[in-house]
Amino acid sequence: MTDRVAVITGGSRGIGRATALAAATRGFRIIVGYASNQAAAKEVVSQIEAKNGKAVAVKCDVGEEHDILKLFEAADKFGALGALVNNAGIIGKSGVRVDEMPAERIQRMMAINVTGSMLCAREAVKRMSTKHGGKGGVIINVSSIAAKLGGANTYIDYAASKGAIDSFTVGLGLEVAGEGIRVAGIRPGLIDTEIHGSGGEPDRAHRLAHTVPLKRVGSAKEIANAIVWLMSDEASYVTGAILDVSGGR
Ligand code: NAP
């Protein structure tokens with residue numbers, strides 16, 4: 001895997017940022033995908049370059065197929081693709097029940113969290129599958145412990161989108177198992193990032209920390225550590241599997 005390219009969607013902030021930094025130290029050349037925060041993406045690139053790593057920031061809204069195609073074209077110019085981390089994801093406003101939910105919200109949730117991840121995986125498989133002349137690789141899908149909990153009275157649409165991601169991890173893992181590609185998922189719990197603010201509750205993770213069996217929120221770095229292990233050859237017999245990194249939640 002050394003010196004191969006890792007595409008990380010939503011690599012500019014939070015879990016994606018921590019994963020980009022960790023994967024760079026393990027020898028991956030990083031494509032830092034971002035939706036709009038170019039400054040944050042550039043800061044990640046600078047940090048990687050400061051440690052003699054290689055990275056480039058590429059604007060890619062995973063809700064737009066055109067952007068996804070451009071993301072992978074940029075990856076092709078950077079080297080041979082070895083890994084995709086399907087990390088980009090959104091939540092909606094917290095506390096909205098399904099009987100109050102506009103169609104546009106549900107459609108956007110699925111377009112970004114589900115369709116975007118599937119289209120990125122499509123582009124990665126085209127490049128990495130031995131069936132297409134590739135050298136194999138790994139795809140990590142970032143799900144959420146919400147997929148198991150259901151998100152009732154909070155964001156049921158988000159939880160359902162992550163449930164779809166879990167099914168996709170299992171199915172894709174089987175589909176490409178004979179083609180040199182491992183697929184794994186990860187279900188973070190309450191992690192200290194800015195995503196909670198976008199749901200209107202910036203302190204949500206800390207407010208609920210007491211409900212976590214380990215009695216604290218997790219850090220983006222703790223999720224990144226698990227992701228880069230799944231990306232590594234140390235996880236060479238792991239495919240179609242999903243790892244909970246949720247403090248027991
Ligand atoms: P975050 O801090 O809000 O960061 C989101 C990242 O995704 C940013 O880099 C952002 O880019 C990018 N992004 C947002 N919308 C995008 C889009 N439409 N297309 C491409 N990129 C987009 O989020 P996070 O907490 O790190 O979450 C990362 C992943 O972990 C998500 O899939 C989330 O569902 C999952 N997760 C998080 C938690 C948690 O507690 N934090 C728990 C379970 C699962 P810009 O910088 O350009 O905005």
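Predicted model: local features only at pLDDT ≥ 70, side-chain atom pairs only at ≥ 80, totals over all residues.
User: Where does Asn 153 lie?

Analyst: Helices (H or I, at least four residues) and strands (E, at least two) are DSSP runs, numbered from the N terminus. Asn 153 is in the loop that runs between helix 5 (146–149) and helix 6. The phi angle of Asn 153 is near 65°, which is a positive value in a residue other than glycine.

User: Which other asparagine has a phi near 65°?

Analyst: Asn 52 has a phi near 65°, again positive and again in a residue other than glycine. Asn 52 sits in the loop between helix 2 (38–50) and strand 3 (55–59). With 72% relative accessibility, Asn 52 is exposed.

User: Back in the loop between helix 5 and helix 6, is Gly 151 buried or exposed?

Analyst: Gly 151 belongs to that loop, but its relative accessible area is 12%, so Gly 151 is buried. Its C-alpha atom is 28 Å from that of Trp 229, a residue 78 positions away along the chain.

User: How do I read distance in sequence against distance in space? For instance, how far apart are Met 128 and Glu 179?

Analyst: Set the two values side by side. Met 128 and Glu 179 are 51 residues apart in sequence, and their C-alpha atoms are 8.3 Å apart. Met 128 is part of helix 4 and is buried, because its relative accessibility is 0%. Now take Glu 179 with Gly 199: they are 20 residues apart in sequence and 39 Å apart in space, C-alpha to C-alpha. Gly 199 is in the loop between helix 7 and helix 8 (204–207), and at 4% relative accessibility this glycine is buried.

User: Let's turn to the ligand. Which residues come nearest?

Analyst: A residue is near a molecule if one of its heavy atoms lies within 4 Å of it. There are 30 residues around the ligand, and Ser 12, Ser 36, Asn 87, Tyr 158 and Thr 193 come nearest. Helix 1 (14–25), helix 6 (156–175) and helix 7 (195–198) each give at least two residues to this shell. The shell has 14 nonpolar, twelve polar and four charged residues; Ala, Val, Leu, Ile, Met, Phe, Trp, Tyr, Cys and Pro count as nonpolar, Asp, Glu, Lys and Arg as charged, and the others, Gly among them, as polar.

User: How far from a ligand oxygen are the polar atoms of Thr 193, Ser 12 and Gly 10?

Analyst: A polar side-chain atom of Thr 193 is 2.5 Å from an oxygen atom of the ligand. For Ser 12, a side-chain N or O atom is 2.6 Å from a ligand oxygen. Gly 10 uses its backbone, with an N or O atom 3.2 Å from a ligand oxygen. As for cover, the ligand on its own has 900 Å² of accessible area, and the protein covers 94% of that, with areas from the Shrake-Rupley method and a 1.4 Å probe.

Methods:
Residues numbered from 1 in each chain as written. Heavy atoms only, no water. Polar contact = N/O pair within 3.5 Å; in protein donor to acceptor, adjacent residues only side chain to side chain. Buried < 20%, exposed > 50% of the residue type's maximum accessible area, 1.4 Å probe, protein only.
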